[in-house]
Amino acid sequence: MSASSAFSDEKGGSSSVGEPEYGHDPASGGIFSSDYKRHDDLKEMLDSNKDSLKLEAMKRIVAMIARGKNTSDLFPAVVKNVACKNIEVKKLVYVYLVRYAEEQQDLALLSISTFQRGLKDPNQLIRASALRVLSSIRVTIIVPIMMLAIKEAASDMSPYVRKTAAHAIPKLYSLDPEQKDQLIEVIEKLLADKTTLVAGSVVMAFEEVCPERIDLIHKNYRKLCNLLVDVEEWGQVVIINMLTRYARTQFLNPNLNECLLEEGGESTFYGSDADQDEDEDEDKKDEALSKRKPYVMDPDHRLLLRNTKPLLQSRNAAVVMAVAQLYFHLAPKAEVGVIAKALVRLLRSHSEVQYVVLQNVATMTIKRRGMFEPYLKSFYIRSTDPTQIKVLKLEVLTNLASETNISTILREFQTYIKSMDKDFVAATIQAIGRCATHIGEVRDTCLNGLVQLLSNRDELVVAESVVVIKKLLQMQPEKHSDIIKHMAKLTDNIQVPMARASILWLIGEYCEHVPKIAPDVLRKMAKTFTNEEDIVKLQIINLAAKLYLTNSKQTKLLTQYVLNLAKYDQNYDIRDRARFIRQLIVPTDKCGALSKYAKKLILALKPAPILESPFKDRDHFQLGSLSHLLNTKAGGYQELPDWPQDAPDPSVRNVEVPEWTKCSSREKRKEKKVEKPFYSDSEGESGPTESADSESDSASSSASGSEQSGSGSEESEESEERSDSDEEEEEEEEEEEEEEAKKRKTQKKEPIEAVQQSESEQSSEEEVKKRKVSKPPPRNVSESESDDDEDSPSDSSQSESEDSESEAEVKKKKKITPPKAPTKPVKKEGKKEKKEMSLLDFDDFEPTPSPQVTPVGNFLSSSLVTDLEGLSLTDTVLSPATISPSGSLKSYELLHRITGEGLWVEYCFSRQPFLPDPHMVAVQIQFTNSAATEAKSLRLEEAKLQSGMRVKEFPEIEVLPAGESATVVMGVDFCDSTQAANLQLCTHSRKFFVSIQPPVGELMTPSFMTENEFKKEQGQLMGMNEITEKLQLPERCQNEHAIVQRVTAAANLSRVPCGSDKECSSPAPPPPGPPVHRFAGRTVTSGSLVLVTVATKESGPSQLTINCEKMVIGTMLVKDILLALTQ
Amino acid sequence: MNGQLKKCHIATTSFIDPCSSHNLDSLPIVAVEMIHSLFLINHSGDIFLEKHWKSVIGRSVCDYFFEAKEKAAEPEDVPPVLQTPHHYLISIYRDRLFFLSVIQTEAPPLFVIEFLHRVVETFQDYFGECSETVIKDNVVTVYELLEEMLDNGFPLATESNILKEMIRPPTILRTMVNTLTGTSNFEERLPSGQLSAIPWRRSGVKYTNNEAYFDVIEEIDAIVDKSGTTLCAEIQGVIEACVKLTGMPDLTLSFMNPRLLDDVSFHPCVRFKRWEAERVLSFIPPDGNFTLMSYHVNTQNLVAIPVYVKQNISFFESGSGGRLDLTAGPKQTMGKTVEGLVITIHMPKAVLGASLTATQGSYTYDPATKVLVWDIGRLNPQKLPNLRGSLSLQAGAPKPEDNPSINIALKIQQLAISGLKVNRLDMYGEKYKPFKGVKYVTKAGKFQVRT
């Protein structure tokens, strides 16, 4: 406590914002210092009902946390304020909660409900922050709640919330690894997300939860590559690193052929390092050579290289480094050079950045020296560089040394040797030694230079020189006996143990070259033996042994003496060595066979040491990684895999008819239209000014219109994707798509008639398919989806026939066409211009030919047919009509004729997605004016809505003549509850209070899934989320058709196809055992799953099971379906 | 230099070596986050702020860092990456403060370093400077910022424009108002910027005076040899922008001679494709101050070295002292005046003092740091400044063998030494006419003369 008050004193009582002043509060001083009442004042402030006091208290608490003070005893007082209205207080309470929740689990649970409420807030930022805090509270008990929240947020319409969901995934994973499988599903879903905001975060989650599931990347690979440039910088780093690993598993080594070709050709300094490998690789290479075919880079590999290259220009060093390592590990040799410039640029940055970059450059220079040679001068060392930077630069310079530049480099080194920084000088001497070993031409020069250094006044310099000279001499000792003599003299002066040891070793090793001096040196050493360092002592013993073997006459006694001294040394290593040497060299009667070989053993020719860079072979760690920097494997390091021998199937990355993604991508595609990537707007679109917000409630009809056309051209996109092209199409303007379609049409060179026919047949084909999926054939309840199918043909045929007309003209013309006209183009235009009009249209909509239409024409390729299968499956989700009961929709009365004074209003749930807002239920309202006078300005006004409920009114009907009727569609967000929406129906003269009450079955939209998916989801919704009822099916309700019809009538669900055949085309192959019928859907507002299973039994009662995240909905739905089935 | 790192034993208890099992499904579960904790440490080694994004890590983890700090002669010499038995410490040293982050698992070190620098820059942006006092005074704001910048160890919002929407920086005026009215400096309304398609620009910017200023700052990095020949020289440039424009302006900046630019890096706002195709900078600017681009000038062009220094520093064989004689003169200044000329020399340790006379400017010698600073100011070509006199050495010390090198700082106004010129600035997307301005400055970067 004293510390905290001291802290405020320290500031001299300055009136700052962040830090409150304790001194000014007379009460606090005394209480504050006494331990038993500590924080009482804070508690009081937190309990007060003034926000300013609470805020003040929270600020003080946060300041204490920042200083590492324990404030956990305030937990109960703080947690109460979690629901505080004041956003500032709330923020600080969140900070506190995240810090202490783990310690005070029981109390922390009190706050959970607040966050759960926050998760449902209409404001995306509140939803996101609730999820952030909820997922940061590390309390195991709330794992299921977190899981649920993450799942929900992952399908949130706000990309920001989805990003937060991605962030929450690793948090949950670290809290409870058991959740991995479920989390992977969420990751899979988010990976398919097409917003740049989400991409980085979800890849981060992927890397931390399931980096081994590389298969999840396939389908998203091209998208990630294309989005990369627009992702925020931190995400870019993570994505690039992940893609590096991915590419290593999926593509062939682009340098494979080169490696083979250049065998024996250009070899680097450290060419020898390949030697060992070479033998092993020999067979492999032969094999490879024999079956080698010209290497063609996978276009996807190229895509990655192309799309990452611009990022070398990033201002963020981490991004540049990530690209650099990607190029280093993945690019063909000839292209790696581009990264050098960018890396050299980073050397201008902060010293920490330099440190890391230089480490990586050092590794790169060993493998690819040529790359950095032009930048040699950028690595020159300044006296002001920190030592660690100097040493690294030196390393790079040494690696870059070659015959051509060695003289320049050595001149530089000479300056460095004069530096004040002795560690650096020592490193320079070593560097000179390395240059000398690798470049034969300069060996003598270097050696002479080093010998000169032996007279340096600084002992460290001399010592380092000795060590290096020793290594150099080992390479050609016969030439340099004078140097050895010179060094022998140094033993009198040099005290550095390592240097002394080196000299002694040298003399011992080459005693034949200095026969006179050697025994003398030993004599001197024997005198000082007891005072030497261990390392020197060992070398004295070695020297003695060697001399004894070569010149025993002169040195026998000396050796005995030394060995005797060593025998009683304190160090056991030395005693050991002495004993060992004695046994080996002094012949005794019972000596073993070994002493015969003593000379051979001790005087064996020793290979010269290879002076190697410490960075050699570091590149087996992924460059830029922590493990590479430390040269040890860090925890969680993902090994960079080796290139595969044979190319894996590249088609896995083809984004085929995106079966499931597509169905969910509709929303996303809309987003993408809105959130245009910044960089790709070179085509001249006006993207950047649009904000992602507009996707929400206010999604304009034009947006939905363009969306329609987007889906209309799905078919063309498909073929596009099939032909390996990117998904860029989707991002293009709608006009362009139309043009595309036009072009394609002309390319087909089919008679227009035929095309049209084929198109319509295609769609009818789809219809058939759909109808097969769902038994009751939909007829009059037309669907936006079937519009979509029409769009493409109609649009293209239209534009085909009016090719010469400008787009605008076409539009104008279409607009003029009366809405009732059954021409197809109107459908599209109507939708484009005025959405509600199109919704009105469907009564008059001329549906596609009936199922009995002629089979598919010959000109339809079979592949197209399969595509269409995919399409039809896909669209099932969006086409509740296909599943809706064959009978007419059930109407409910909104306003009785009598109360309405002649105005009669009915409503029904049309079961179509409400386009302006997918979270609303579409309500179709029919007005009939049975009065004698016309009704004017019919509109709805919100009266008293339950909290959270939202209504999207229909546009005002200006005039409704007597005897006429009109139909409009409005959207209501019931918040997944069956509470009635209370509204005011206004006419020009009257106001009526009306209410729309949805049956629970209308609160959901069908969701398409396969049986397996269904079972998987069901497995996750057990326990409280599962409701089972037994029921006796009445006689007439036994057959499948009846069950499906009744269930789908009661609830807006889609049938889950049974068995393995995807389409469930007919009940012809009856599933073995008693039939089980499954239905799936999602609630409109929250997207919670609703799964219904009806298991019939031949004898005994059938069983109805409902699994739903929302228990209330589940219970209500059970009642409704029971009623529907048993009636 | 890695020796000491290797000596630290590798963490074995906190996680299993992933390499031990090749079965990918059984990968060990490791703590998953990038940056786990952050400690702010002042020059004297006190931890004055700590922030944990996950569970708390004890301060004792910093002991490993303090150990390394003890070993290092200068704070810059502390290795930025340290390995401890259970954690990795990645630190940066800025403004006499250490920012020490703790991570537990593999993470790109540059990622962490770059983020820490971003934190410092944000603090500078918010509080004008980044010092211990300022951080302590604004500890709540600092905490809020750290909370927003990092989520679970992964950067969330690092763009200053977005942060400023969520947490308003303190100003003197607001501080006063707050103390008087008892309100605080937090934003009442929720930010919208996070969700705009342009993460670096907040929406709804309004100014009465619309202005856009660009400073082209070039720095000469050079090493000049004892004999006066230039060993290496290059020009690094940066364009700092101060843009205060209403709405969503779309700017295009073009150069007279873009070919000069050899290597460039951009603020994320710049459209790279436009640059590649047309060599113009097209961008929607962030609001306020930002670095638009930095560049490197093609080294094939000879770099003009604006000044020369004639030097003679020698020490007597006897070891009792030495002489110093320095003259600075203009070399290639393109007809402009050299200003702010400062010569700094790090003397050998043995030099105790200096008694010199300067014909222009003033000199100081700090016997503790052994740094001689000669502040010349404006360089007069008619009368070249000279500094000469004697150096006194520690008694009995041998003659220093090492030669000090001379570091030069200078400034030339109204000149980009590379010859780079901005051609024009156009604005699209908004109706008003902004004030536009371009300023050129040349400075000496790492300009060193060896002796």
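The questions and answers that follow set values against definitions.

This is a predicted model, in which local features need pLDDT of at least 70 and side-chain atom pairs count only at pLDDT 80 or more, while totals for chains, interfaces and linings use all residues. Residues are numbered from 1 along each chain as its sequence is written, chains are lettered from A in the order in which they are written, and side-chain values use heavy atoms, without hydrogens and water.

Q: Why are helix 10 and helix 11 of chain A called roughly antiparallel?
A: Helix 10 (residues 159–175) and helix 11 (residues 180–191) of chain A pack at about 155 degrees, with axes 11 Å apart. Angles over 145 degrees count as roughly antiparallel, and therefore these two helices of chain A are roughly antiparallel to each other. Residues making the contact (heavy atoms within 4.5 Å) include Ile169(A) and Leu172(A) of helix 10 and Leu183(A) and Ile187(A) of helix 11.

Q: What makes helix 27 of chain A largely enclosed by the rest of the structure?
A: Buried means under 20% relative accessible area (1.4 Å probe, protein chains only). In helix 27 of chain A, 12 of the 15 residues are buried, so the helix is largely enclosed. Among them are Val461(A), Glu464(A) and Lys470(A). The cover includes helix 25 (422–438) and helix 28 (481–490) of chain A.

Q: How do you know that the span of helix 27 of chain A is close to the one expected?
A: The expected span is 1.5 Å times one less than the number of residues. Helix 27 (residues 459–473) of chain A has 15 residues and reaches 20 Å from first C-alpha to last, close to the expected 21 Å.

Conventions. Helices (H or I, at least four residues) and strands (E, at least two) are DSSP runs, numbered from the N terminus. Buried means under 20% relative accessible area, exposed over 50%, partly exposed in between (1.4 Å probe, protein chains only). Axes are lines fitted to C-alpha atoms, for helices over the stretch in contact, and angles run from 0 to 180 degrees between N-to-C directions. Angles under 35 degrees count as roughly parallel, over 145 as roughly antiparallel, 65 to 115 as roughly perpendicular and the rest as oblique.
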